[in-house]
Amino acid sequence: MKIASWNVNSIRARLERLLHWLAEHQPDVVCLQELKVTEEQFPFEVLREAGYRAAVYGQKAYNGVAILARAELTDVQRGFGDEEEEAQARLIAATVDGLRVLSAYVPNGAEVGSEKYAHKLRWLDRFKGYLKEYDLSGRPLVVCGDFNIAPEARDVAHPDAWEGTVLFNPEMRAAFRELLDSGLIDTFRKHEDRGGFYSWWDYRRLAFVRDDGLRIDHILATPPLADRCTAAWIDREARKGPKPSDHAPVIAVFDWP
DNA sequence: ATGGTTGCTTAGCAA
């Protein structure tokens, strides 16, 4: 099973690119973030014609997450499913071929010390609690998304320049480690020790041509599933050319089922 | 400290 995660930065602006990418890479499951559409505006029909069903948690103009799958999607859950009200569409879960799949869009945080950064911290804390509900030791779970966190210095093109930002600081690195400590494995790091691999480059400052990127999009898996992860990579090619998303898709292949 | 770009929505916000 080939699983991808991609922050498309508007599914309407990226639909042609997404369709071409699906045809070329033939993933079984795709977790999408930053749809920037309501569920009513989501292009279910063209994706169905391309062979994909979709579970969607949309919102007007901002955020929005989805899970695409060739197989049936069951037990769809939108948001954290707790008492607290859901103001932003940032989390969706569904079961595909017996595998629980999450698509998450962690808040960016704007600036360290801002109200948005406080919201990012709260959201991550809530996410940790949400993951605790799963039996992370046994039940196969894959957590995909734009985490808006670069886990380590080797995940940042210029760590000194990015140190202290919302994407790369000690507090965020600790938050990411805690997610892993709760029983998840970074599939990319299972297969690649070297630095220099990024999933996001700012539209500004010619960041992509200068390769000033950060690895902030991740596919995490529970240990029994991670054991069955046979390959993982980032499709940097998808960031090239006209009208790209500012994120590249990340991919993991599992010997499943 | 600011700016640079993109998308949604229509001047300003979010990233």
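Which residues have the most contacts inside the largest nonpolar core?

1. The model under review is predicted. Its largest nonpolar core has 35 residues, and those with the most contacts inside this core are Ile 3, Val 29, Ile 67, Val 101, Val 142 and Phe 254. Another core lies apart from it; this one has 32 residues, among them Tyr 117, Leu 141, Val 156 and Phe 168.

2. Leaving aside residues up to four places away in sequence, Val 29 touches Met 1, Lys 2, Ile 3, Ala 4, Ile 67, Leu 68, Ala 69, Val 96 and Val 101.

3. The largest cavity contains about 60 Å³ of space.

4. The lining of the largest cavity includes Asp 186, Arg 215, His 218, Trp 233 and Val 250. By type, the lining residues comprise seven nonpolar, two polar and three charged. At least two of the lining residues come from each of helix H6 (187-191), strand S12 (217-221), strand S13 (229-234) and strand S14 (250-254).

5. Asp 186, one of the residues lining the largest cavity, is located in strand S9 (residues 185-186). Asp 186 counts as buried because its relative accessibility is 8%, with the limit for burial set at under 20%.

6. The side chain of Asp 186 forms a polar contact of 2.9 Å with the side chain of Arg 215, and Arg 215 also belongs to the cavity lining. Beyond four places in sequence, Asp 186 touches Phe 176, Leu 180, Arg 215, His 218, Ile 219 and Leu 220.

Notes
Residues numbered from 1 in each chain as written. Chains lettered and ligands numbered in written order. Predicted model: local features only at pLDDT ≥ 70, side-chain atom pairs only at ≥ 80, totals over all residues. Heavy atoms only, no water. 1 Å grid on protein atoms, 1.4 Å probe; cavity = no way out; pocket = protein on both sides within 12 Å on 5 of 7 lines; lining within 4 Å. Points joined across faces, edges and corners; volume = space filled by probe spheres on them. Helix = DSSP H or I, 4+ residues; strand = E, 2+ residues; numbered from the N terminus. Nonpolar A, V, L, I, M, F, W, Y, C, P; charged D, E, K, R; others polar. Buried < 20%, exposed > 50% of the residue type's maximum accessible area, 1.4 Å probe, protein only. Polar contact = N/O pair within 3.5 Å; in protein donor to acceptor, adjacent residues only side chain to side chain. Contact = heavy atoms within 4.5 Å. Core = buried A, V, L, I, M, F, W, Y, C linked by side-chain atoms within 4.5 Å.
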